[in-house]
Amino acid sequence: MATPTQAPTKVPQEPDPFYYDYDTVQTVGMTLATILFLLGILIILSKKVKCRKADSRSESPTCKSCKSELPSSAPGGGGV
């Protein structure tokens, strides 16, 4: 038991291992979300660009949606 004449001993306090800098966490999270969002948009647009630039004479199994848009690919000629 400490008496009033004795000074309490100070124990060096260790930093809390579960301390989070929430400003940094928020900044990194928003940056990653923005990068992933833009990457997703680029992937979606790149597939549409390939589809539009596909040669109308070639049969592309990966681009079935373009075949219905092209009048020359309709059965029976489909020409004007």
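Is Y20 buried, partly exposed or exposed, and what is its relative accessible area? In this predicted model, Y20 is partly exposed, with a relative accessible area of 45%. Because buried means under 20% and exposed means over 50%, this value falls in between.

**Overall fold**

The secondary structure of the protein chain consists of two helices and zero strands. Among its 80 residues, 4% count as buried. The chain exposes about 8,000 Å², and carbon and sulfur atoms supply 65% of that area.

**The annotated region**

An unreviewed UniProt entry places the feature "transmembrane region" at residues 25-45. In the model, residues 25-45 are 100% helix and 0% strand. The C-alpha atoms at the ends of this stretch lie 30 Å apart.

**The tyrosine pair**

Y20 is located in the segment before α1, the helix that spans 22-53. One aromatic pair is found in a search of the whole structure. It is formed by Y20 and Y22, whose ring centres are 6.3 Å apart and whose planes stand at 55°, so the pair is tilted. The angle leads to this class because stacked planes must be under 30 degrees apart and edge-to-face planes over 60. The accessibility of the two residues is set out below.

| Residue | Relative accessible area | Class |
|---|---|---|
| Y20 | 45% | partly exposed |
| Y22 | 60% | exposed |

Y22 counts as exposed because its relative accessibility is 60%, and the cut-off for that class is over 50%.

**Surface patch**

Both tyrosines, Y20 and Y22, also belong to a nonpolar surface patch, together with F18 and V25. The area of this patch is about 510 Å².

Technical notes. Residues numbered from 1 in each chain as written. Predicted model: local features only at pLDDT ≥ 70, side-chain atom pairs only at ≥ 80, totals over all residues. Heavy atoms only, no water. Phe/Tyr/Trp six-rings, centres within 6.5 Å; stacked < 30°, edge-to-face > 60°. Buried < 20%, exposed > 50% of the residue type's maximum accessible area, 1.4 Å probe, protein only. UniProt positions renumbered as here; feature names shortened; annotations may be inferred. Helix = DSSP H or I, 4+ residues; strand = E, 2+ residues; numbered from the N terminus. Patch = residues over 30% accessible without salt bridge, like charges linked within 9 Å, V, L, I, M, F, W, Y side chains within 5 Å. Areas by Shrake-Rupley, 256 points an atom, 1.4 Å probe, with all protein chains shown as cover. Salt bridge = Lys/Arg side-chain N within 4 Å of Asp/Glu carboxyl O.
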